[in-house]
Amino acid sequence: MEEKPTPLLDVWYQWRYPMIFLTLFVLAVGVTNSTIEGNWQKLFDSPRNIQTFFSESLWPPDWSVVDPQAYPVCEKPEAFDFMCSTAWIGTLETLKIAFVATVFGMIISYPISILAAENISPGWVSYPARIFLAAFRSLPSILWAILFVIMVGLGPMAGILAMTLYTVGYLGKLQYEAIEGVAKPQLDASRAMGHGWLERSFGVILPESANNLISQAIFMFEYNFRHGTVIGIVGAGGIGYYINLYLKFLQYDKVFAYVIIIFIVVIVIDLLSKFVRSFFRDDKKMRKHPWWTIVLPSGLTIKLMKKKP
Amino acid sequence: MVEVAENDIVQGHDLAIGYAKDDVLLSGINLTLKPGEIVAINGASGIGKTTLLRTFAGLLDPIKGQVNIFGKPKGNRGEIGYIPQRLGLIRHASVNHNVMLGAKAGHTSAWFPFSRVCKIHALEAIESVGLKHKLRTPIRKLSGGQQRRVAVARTLAQKPRLILADEFLAELDEETLNIVMQKVLTYVKENNAIMILVEHDFERAMQMADRLFTAVGDKLIEIGEGIVPPNSTIVG
């Protein structure tokens, strides 16, 4: 039996995606309107406010944060005296916390995420595992940090513990979604051969989803670094401690300098991620774009790079 | 005729297969395969050939009837070697790793998958398909034909008693095809293994198999003398 095309159906098939997006957009605007009770004036005032704030408090950033601290006395040679600055010490500490938390979190979350993946574990295993991961995730890392500051006191230890737990919940979810994306033939062949759980998890799934797992782990590292600034605020160590300090004294220009440093480190981590993942790409030679293209949309990058031979 | 013990045969008894109870692809299948036998299945695409292989591989429960793989419904560890149509190789891992997966399944236990014997079997299999120089190359850097040879090597290294192969000779050039085909056929005959293969190419299926089945409608028909399969292209 042949389906009769009606004009209305034709229009729907041709325009369904724009129509769905338009509907969603209108819905979002409507919900916003009801949430702010129709007071759009605030939005139109906002550029002026941010301009005042930017010109009076933020700009120029106060780079004294990279000068060595007065105490303890800096023993580094003069060219390296920035290594005694709060910015350097804080960034390094946050990086260390983020690194340790990501590594531990990854190791703990991988077995759990295998249990949580629906394509390799039965429902009675995967649902409890998912609930377990969701429980770790549902407390934001700052609340974990407060909890651990109470338990082990102020300092980086609380930061490491808080971030590890949060990483387990967050990375675990990303990982089991990556594992569920492993193609069927691979698992079919493994099942037919009669592989055990151990062989399938580490011999088949781990290498097959390596690309995703690595990019997620590096994303998590970057996320942990950015969040290190937040959990520092409750006293769990790192650059956040200094940001919080200057926020209290309303020295926004110094805070702005820290924010720029964080931005630079995030870019470096992104570059690193691109580099590491290039080993797991299907194309044999991946073209390495210059670092500054990271700030551009990818389409524009490709266009720009094509012009130069 | 010699009687063969039940745990030496592969059998489908009154099978109905498919992915849902109200969507049966093939039904009324009665199939008994004795050691050393090669069976080819032929038929239009989407008719349920791959589903039949998956059912024998224990990946899918039959809707009706029973499967008997050497006396068990799903066979023992390492007894079934399955080459899916899309091969199921691990793209980011090396040739050696992929073939070792087969060797481990065939020669170790599930909870202690480490043995020196595996290495020997894996190397032998890789050599036999002519890929020794690609031992450490990741699968994603191999051509389609080479990947197919790795999949065959994985199954040979496993030394299974039942080989299920889904279009395993596609994409191969004539020379490699003959080599790979001979390797697999010799293995089956020498080790008294059983092989079920899905093959589109009717003539090649005739050449390899002892018995030939074709799927028509929802039935599996054995092609014997005088019965010409529908839509086939036999000349002469």
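The model is predicted.

**Chain A**

The secondary structure of chain A consists of twelve helices and zero strands. Chain A has 309 residues, of which 31% count as buried. When contacts in chain A between residues at least 6 apart in sequence are considered, 68% of them join residues at least 24 apart.

Two packed helices are described by the angle between their axes and the distance between the axes.

| Helix pair | Residue ranges | Angle | Axis distance | Crossing |
|---|---|---|---|---|
| α4(A) and α6(A) | 123–138 and 156–180 | about 130° | 7 Å | left-handed |
| α10(A) and α11(A) | 239–248 and 252–277 | about 155° | 8 Å | left-handed |

For the pair α4(A) and α6(A), the angle is about 130°. That angle makes α4(A) oblique to α6(A). On the α4(A) side the contact involves A:L133, A:A134, A:F136 and A:R137, and these meet residues of α6(A) that include A:L165, A:Y166, A:V168 and A:K173. By class, the residues of this contact between α4(A) and α6(A) are seven nonpolar, two polar and two charged.

For the pair α10(A) and α11(A), the angle is about 155°. Helix α10(A) is therefore roughly antiparallel to α11(A). Here A:I239, A:Y242, A:I243, A:Y246 and A:L247 of α10(A) meet A:K254, A:V255 and A:Y258 of α11(A). The contact of α10(A) with α11(A) has seven nonpolar residues, no polar residues and one charged residue.

**The sheet of chain B**

Chain B contains an open sheet of three strands, arranged in the order β2-β1-β4 with antiparallel pairing. Strands β2 (23–33) and β4 (64–69) of chain B stand at the edges; each has a single partner strand, so one side of each is left without a neighbour in the sheet. On average, and with direction ignored, neighbouring strands of this sheet are turned by 30° against each other.

Strand β1 of chain B, residues 10–20, pairs with β2(B) in the antiparallel sense over seven bridges. Within these two strands, B:I17 stands opposite B:L26 of β2(B). Helix α1 of chain B, residues 49–56, packs on the sheet and touches β1, β2 and β4 of chain B. The direction of this helix makes about 120° with that of β1(B).

**B:V188**

B:V188 lies in helix α5 of chain B, which spans residues 174–190. Is B:V188 buried or exposed? It counts as buried, because it has 22 C-beta neighbours inside 10 Å and the cut-off for a buried residue is 20 or more. Apart from its neighbours within four places in sequence, B:V188 is in contact with B:G36, B:I38, B:I163, B:A193 and B:M195. The C-alpha atom of B:V188 is separated by 9.5 Å from that of B:K159, which is 29 residues apart along the chain.

**Contact between the chains**

In the contact between the two chains, 28 residues of chain B touch 21 residues of chain A. On the side of chain B that touches chain A, the elements giving two or more residues are β5 (80–83) and α2 (95–107) of chain B. The largest share, five residues, comes from α2(B). By class, this side of chain B has 13 nonpolar, nine polar and six charged residues.

Terms used:
Residues numbered from 1 in each chain as written. Chains lettered and ligands numbered in written order. Predicted model: local features only at pLDDT ≥ 70, side-chain atom pairs only at ≥ 80, totals over all residues. Pairing = 2+ DSSP bridges. Helix = DSSP H or I, 4+ residues; strand = E, 2+ residues; numbered from the N terminus. Axes fitted to C-alpha atoms, helices over the stretch in contact; angles between N-to-C directions. Contact = placed C-beta atoms within 7 Å. Buried ≥ 20, exposed ≤ 12 C-beta atoms within 10 Å, placed from the backbone. Parallel < 35°, antiparallel > 145°, perpendicular 65-115°, else oblique. Left-handed = near helix turned anticlockwise from the far one by under 90°. Nonpolar A, V, L, I, M, F, W, Y, C, P; charged D, E, K, R; others polar.
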